[in-house]
Amino acid sequence: MNDMPHPIPSETREGEGASGILTIDLGALGRNYDALAARLAPARAAAVVKADAYGLGAAKVAETLQARGCRDFFVALFVEAVRLKPALAADARLFVLNGLLPGNEAQAADLGLIPVLNSLEQVKRWSQTASARGRRLPAVLQFDTGMSRLGLPPEERAAARAAAENLDVLFVMSHLAAADEPDSVQNAGQLAEMRRVVEEFPGIELCFANSGGIFLGRDYHGVLARPGIALYGGAPTGGVANPMEPVVRLDVAVVQTRTVPAGARVGYSGTHVTGAETRLATIAAGYADGLLRSLSGRGAVYCDGVRLPIAGRVSMDSITVDVTALPEGRLTLGSLVEVIGPNQTLDDLAAAAGTISYEILTSLGGRYLRRYR
Ligand SMILES: *Cc1c(COP(=O)(O)O)cnc(C)c1O
């Protein structure tokens, strides 16, 4: 991962015309899956591939993980399931976390999707679909144990069980609100709540942990875990070393270099004024490419391990960085700088932007060349 491509290989420019390269290491993705699966055993690891696998390409990610034995995939929305289904093996299961909106049930049943049912209304509608077809349909019942977001209130567990009579409930499920914070008292509270729900559903397995939950210990594993960010190399737990392998590397091309005198204004609204003669490079990615505007004046990119601070505001399509610390002439038109890589992890960049790795990954957009290794 340490070799800095420089400049953008000509076949890249000719083939795609892209000014940045998003390298997605499918080998690392697979090893992250294996590591999570090993930690979970005898519980199993599904893969959360919502939002196009956090921006990395759901079909490619699913294909890679299927080769590692993963057979359970979660998307958030019905539309994502419709798109991903053709890429999955015949024996793979595809779950829809948000459940179904009225009118989608028939198509979902035709496609063999497994909705996560979040309300009595969703349970009843899916049940009616099953009756209409004269067969049991598979489902997951989600209970809300502390996020007030999606899921049945635990008090409705008996009613849900009754309403699900002609469904095959594969799992009862809940989602942890603070799994990345091992010290949060909310974790144990949600686990206790979920144990009471499980008692109501004898013989039905628990689907509980996300990435962070996997690292909270066995109690949280249930039978099927739902990791997302850890697969993609993001840190599953805050404040400790990240045990996952990086999956994403991002290099962006320089489109202009210049030397400006002291007192020059840089970028929109002139928020940055140079204090001395400064060498600047403008790189061809901006907030439309997931380099969030909150990085203005505080983020950085890297070249040869040297930190190049962002000068002034992030624009939609470009960012100007101070390259005075590099030897003159090191960066020229088409040179690449590292945005995510060995010098700046995904989580480092997210922290500089005041956000989380999830938001960076899902914001990267469609203008980079995607290179899968
Ligand atoms: C997004 C999501 C996950 C995956 O979470 P990570 O923190 O990325 O592992 C798991 N379960 C649910 C319900 C989700 O919405």
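Predicted model: local features only at pLDDT ≥ 70, side-chain atom pairs only at ≥ 80, totals over all residues.

Q: How do you know that the length of helix α7 agrees with its number of residues?
A: Helix α7 covers residues 120–133, which is 14 residues. The expected span is 1.5 Å times one less than the number of residues, so α7 should span 20 Å. Its end C-alpha atoms are 20 Å apart, and therefore the two values agree.

Q: Which residues of α7 are buried, and what do they pack against?
A: The buried residues are L120, Q122, V123, W126, S127, T129 and A130. They pack against the helices α6 (105–111) and α8 (157–163), and against the strands β6 (114–117), β7 (137–142) and β8 (167–173).

Q: Why is C207 called buried?
A: A residue is buried when its relative accessible area is under 20%. C207 has 0% relative accessibility, so C207 counts as buried.

Q: How many disulfides does the structure hold, and how far from C207 is the nearest cysteine sulfur?
A: The structure holds zero disulfides. For C207, the nearest cysteine sulfur belongs to C70 and is 12 Å away. A disulfide requires two cysteine sulfur atoms within 2.5 Å, and C207 is in no disulfide.

Q: What makes K50 partly exposed?
A: K50 has a relative accessible area of 26%, so K50 is partly exposed. K50 is located in helix α3. Leaving aside residues up to four places away in sequence, K50 touches F74, V75, A76, E80 and L97. An unreviewed UniProt entry lists K50 under "modified residue: N6-(pyridoxal phosphate)lysine".

Q: What is the volume of the largest pocket, and which lining residues are the closest to its centre?
A: The volume of the largest pocket is about 690 Å³. Among its 39 lining residues, K50, H175, L176, N210 and Y358 are the closest to the centre.

Q: Which helix supplies the largest share of this lining?
A: The largest share, three residues, comes from α11. The elements that each supply at least two residues are α3 (50–54), α10 (211–214), α11 (346–352) and α12 (357–363).

Notes. Residues numbered from 1 in each chain as written. Heavy atoms only, no water. Helix = DSSP H or I, 4+ residues; strand = E, 2+ residues; numbered from the N terminus. Buried < 20%, exposed > 50% of the residue type's maximum accessible area, 1.4 Å probe, protein only. Contact = heavy atoms within 4.5 Å. 1 Å grid on protein atoms, 1.4 Å probe; cavity = no way out; pocket = protein on both sides within 12 Å on 5 of 7 lines; lining within 4 Å. Points joined across faces, edges and corners; volume = space filled by probe spheres on them. UniProt positions renumbered as here; feature names shortened; annotations may be inferred.
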